[in-house]
Amino acid sequence: MPADEMFDHHSPECRDDIVGYYAAFREKCPVGRSTAHESGYVYLARYADVFQVARNDALFSSTRAAGNLSGTAIVIPSGPFGEHLQYPLEMDPPDTLEYRRLLDLILSPAAVDELRPMIARHATRIVDGFIEKGSADLVRELTNPLPSAVTLDWLGFPEEDWVRIGRPIHDVFTSEPGSERAAKAIEGVIYMEQRIAELITERRANPQDDAISVLVAQRKADGSEFTDAELLSVIGIAVSGGVDTTTSLTGSVLVHLDEHRDMRQQLIDAPDLLIDGTDEFLRRYGPVTAMARTVTADTELGGCPVKAGERILVPWFAANHDPAVFTNPDQVQLDRDASRHLAFGTGTHRCPGAHLARAMFQEMIYQILTRIPDYRVNRDGLVGYPSRGNHMGWDVIPAEFTPGTRVGAAAATVSSAAPRQAGTFDVVLEAVESVADRVVRVTMRSVDGAELPAWQPGAHLEIRLPSGRLRQYSLCGTPADRQTYEIAVLHEEAGRGGSAEFHEIATPGRTLTVRGPRNHFPLVEAEDYLLLAGGIGITPILAMTRSLTHRGKNLKLVYGGRTHSSMAFRAELETLPEAQRALVAQDQHGLPDFRAAIQGSAPGTAIYCCGPSAMITAVQQLCDELGVRDQLHVERFAASDEQEARIASTEDNTPFQVELAKSGVVLDIPVDKRLIDVVRAAIPGIAYDCEKGFCGSCETRVLSGTPDHRDEVLTETEREASATMMICVSRAQSQRLVLDL
């Protein structure tokens, strides 16, 4: 390869266009060698190769010994902090297990949920600190202080340490090697290690209500204590991992939303999109761009021979931008199912802090979008990291905004990310009635008679059908009624089976599990509204029509269907004044004239559209042509075939038992319950993440029995060995499993 084409992930070319840099090498030489650093290394550029290396600890080691390294083994070039081994990052299984268990204990989803009110309080306080000025460096005044305060407060550091430690952690990744700033960063890290050692000693003598106290109280499998050196390393990783990775991600997304203000407005209008879109932002802007492994035996990668002792660059960023896995990978698509992204890695060393990172990120973005929604980034003042080889992000993000007011003592009134996340609960179908050809209206109640979660027009429920399929249906009842929900479901003869199954099982008394409500299609404030519906797309539009009519708003409804008899709720809609409605049956009047409706709307009219994809696309094109695309709001339900295929089908399920070896507890797993749901009820701190069989977080050792593997992580060889299983989606072929839990 010519010298000017030598791969170097720390090069200015990679820094200035990391997407294009990896894309070029993926196209011309996806697996190759570079002599850019130390004794050289093998680089990867494809998802499949990165995934293969990250999943095989025996062949691709994280230890220093495998490469005879004195510096940190998990980056190239080997890191400057070589004095202390990083537990468990620089270890391979089974040595990792004891230390990984410590991190999983304090970073489980249940543990993070308890931190959400504290995250919201810190975020509110920090935004209060600059909101009245009308300008801020969003890195120095928000995205670094918030993760620093949350992480260090949670662990048990006193407040005077938050800035003194948090800022140097950021400087480690943003300073030029050998610079004065880098030297000060190292001093800060040394101070952090001193403070950790002191706190370990203090907590051993006098435990407090903090994470360090939890950690020092833990014991190894043999009953012995973790040493101070071991705990220092684990806590150090929790600090460095909790601070700057979230700083980087949040900064990148804030810059992106400044560049794509239509997407910013989407998130302002529909905050739930942030919950579903977080993994897509992680895929696109994952802060840890690459790590490293060392080959332990001669092998091959992507057809390229590699020898024992060679170093391998494992670029998560390149994997997340592989078009073979993610279409249009350079784009952020909020409705993409990005579950298989590798921003947190995969395998043994997948980031245990994923849930905390998401919670802090979501709260910071939510605070910005609700309190300073008109922020504008000064592009000329942006300063990025000097290299994107291992980490990416922004060092300086100067921004201006309309000054706001402090929340102060009323911080508790500012919602955290947790309440905005939809819950999962069971409902019982109360009534099922036909409202049009092949359309049924279904009324449901909570199984325990409790009041149902509140909703607004545009909201939908996600329903898990008995087969395991997931389907989203718009709520079309009355938001004021907190006792019942109503949906309407069309039996789609050419569909993928979900609607047919729903019609088959929809009988009064049937119990179903639902998730929600969520609202990606909320009504915005406007003087006038144009509501465009096609077919079953009338369901969210019906709730909007009722609400707007009740509020005395100006509206015009255009509703098209194949025939009069196929148009659900037609009788109710015909009670609207004629000037406000156009109900168009295609067999009698042809297609609705959406062009005329849009052209006839008053300036600033909010346009809402829901219906078949072809109709939505046509309306989008019309709005582009007529210059009103920024007034258009659409609703698409894109239940993923991919996702559906990975959801266990209860039709083939059989009951089985699971023994938890460490406690001897035996659990019954019924046909209609997932293994992970039953296990985490018994072990609240168990590790898991995607719950789709993608990420490997819930991988668990199988001591006896035969799993029924339903994940997309294990290779065929690993499935045959059945040494481990992903308990989020997999079940059992045998009547009993014994798990190392």
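**Salt bridges in close-up**

**View A. The salt bridge between K553 and E525.** In this predicted model, K553 pairs with E525 through a salt bridge in which the closest N and O atoms are 3.6 Å apart. K553 belongs to the loop between α18 (538–550) and β20 (554–561), while E525 belongs to the loop between β18 (511–518) and β19 (528–534), so the contact ties together parts that are 28 residues apart in sequence. E525 is exposed, and its relative accessible area is 63%.

**View B. A network of salt bridges.** Side chains of opposite charge can pair when their charged atoms come close.

**View C. The salt bridge between R441 and E486.** Here the side chains of R441 and E486 meet, with an N to O distance of 4.0 Å. R441 is part of strand β14 (residues 439–446) and E486 is part of strand β17 (residues 485–490); the pair therefore ties together parts that are 45 residues apart in sequence. R441 counts as buried because its relative accessibility is 18%, which falls under the 20% limit for that class.

**View D. The salt bridge between E141 and K133.** The side chains of E141 and K133 form a salt bridge of 2.8 Å, N to O. E141 is partly exposed, with a relative accessible area of 21%. In the whole structure, a search finds 55 salt bridges, including this one between E141 and K133.

Terms used
Residues numbered from 1 in each chain as written. Predicted model: local features only at pLDDT ≥ 70, side-chain atom pairs only at ≥ 80, totals over all residues. Heavy atoms only, no water. Buried < 20%, exposed > 50% of the residue type's maximum accessible area, 1.4 Å probe, protein only. Helix = DSSP H or I, 4+ residues; strand = E, 2+ residues; numbered from the N terminus.
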